[in-house]
Amino acid sequence: MSMLKGKTALVTGSTSGIGLGIAMALARQGAHIVLNGFGDVDGPRAQVQQAGKEAGIKVGYHGADMSKAADIEAMMQYAASEFGRVDILVNNAGIQHVAKVQDFPVEKWDAILAINLSSAFHTTRLALPAMQQANWGRIINVASVHGLVGSAEKSAYVAAKHGIVGLTKVTALENATTGITCNAICPGWVLTPLVQKQVDAKAAAQGISNEEATKLLLGEKEPSQQFTTPEELGELAAFFCSSAANNVRGVAWNMDGGWTAQ
């Protein structure tokens, strides 16, 4: 299973959660991986290395702050000098803050737009020239079900994720006659450390068990009553990179347990 052997994938926000799941799935397909993110790096690096062991992949890391254009430029230069070029770009870095519009802290709005939306613009504009030269590339933007629908108290996140879906469509259209595709993945609830915090908070606030809090959280939005896993999202990303997806262009593919089907 080495359909991506010799290719290099850069995955932002990949030291945990969805990004790590995608990095591991691409590593299993033989891609070299450039990780990015905060916190523990050695653990995730070892997991990705293990996933791609049979294919003999290399794993790099750059700690770029995704809210800073200069950091992103340095990261893309690092990837190019270490690995030749970025063949597969996965824009996954994201943060969240919850508040009503009139109470939303301006600095939180600015940070969410910078990390969840502008960072994808910066990585994409910097990755495209080499992809265009090679006439092959995959750009995968991890949006959210909130790129398709809204939820109260998530104005910045919903605005950024709708923006990501728009950026995906334009990038796909501009490269439609080439070997470069751009698509978005729109997950519903995924059990990541970020979501676990929301479950814990709900349990504490209502004095209920973690299991009950999980049911409540999913029950509000997700008909399947189950979380999507980082592994499932990784497999979808791998599909987008395959030749079967050569003509999948500009889609916002929801993996949301029926959330947007309602």
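**Figure 1. Lining of the second largest pocket in the predicted model.** By class, five nonpolar, two polar and five charged residues make up the lining of the second largest pocket. The volume of this pocket is about 240 Å³. Its lining is formed by Val-98, Ser-151, Ala-152, Glu-153, Lys-154, Trp-189, Gln-198, Ala-201, Lys-202, Leu-217, Glu-220 and Lys-221. Helix 6 and helix 7 (210-221) are the elements that give two or more residues to this lining. The model shown here and in the other views is predicted.

**Figure 2. The largest pocket and the residues nearest its centre.** The largest pocket holds about 990 Å³ of space. Of the 39 residues that line the largest pocket, Asn-92, Gly-94, Ile-95, Thr-192 and Leu-194 lie nearest its centre. Two or more lining residues come from each of helix 1, helix 5 (155-174) and helix 6 (193-206). Helix 6 gives the most, with five residues. The lining of the largest pocket comprises 18 nonpolar, 16 polar and five charged residues.

**Figure 3. Packing of helix 1 against helix 8.** The axes of helix 1 (residues 17-28) and helix 8 (residues 230-241) come within 7 Å, with a crossing angle of roughly 50 degrees. The two helices are therefore oblique to each other. The crossing of helix 1 past helix 8 is right-handed. Helix 1 makes the contact through Gly-17, Ile-18, Gly-21, Ile-22, Ala-25, Leu-26 and Arg-28, and helix 8 through Pro-230, Leu-233, Gly-234, Glu-235, Ala-237, Ala-238 and Cys-241. The residues of this contact divide into nine nonpolar, three polar and two charged.

Conventions:
Residues are numbered from 1 along each chain as its sequence is written. This is a predicted model: local features need pLDDT of at least 70, side-chain atom pairs count only at pLDDT 80 or more; totals for chains, interfaces and linings use all residues. Side-chain values use heavy atoms; hydrogens and water are left out. Axes are lines fitted to C-alpha atoms, for helices over the stretch in contact, and angles run from 0 to 180 degrees between N-to-C directions. Helices (H or I, at least four residues) and strands (E, at least two) are DSSP runs, numbered from the N terminus. Angles under 35 degrees count as roughly parallel, over 145 as roughly antiparallel, 65 to 115 as roughly perpendicular and the rest as oblique. A crossing is left-handed if the near helix is turned anticlockwise from the far one by less than a right angle, and right-handed if clockwise. Contact means heavy atoms within 4.5 Å. Ala, Val, Leu, Ile, Met, Phe, Trp, Tyr, Cys and Pro count as nonpolar, Asp, Glu, Lys and Arg as charged, and the others, Gly among them, as polar. On a 1 Å grid over the protein atoms alone, a cavity is a set of points where a 1.4 Å probe fits but cannot get out, and a pocket is an open set with protein on both sides within 12 Å along at least five of seven lines; lining residues have an atom within 4 Å of a point. Grid points are joined across faces, edges and corners, and a volume is the space filled by probe spheres set on the points.
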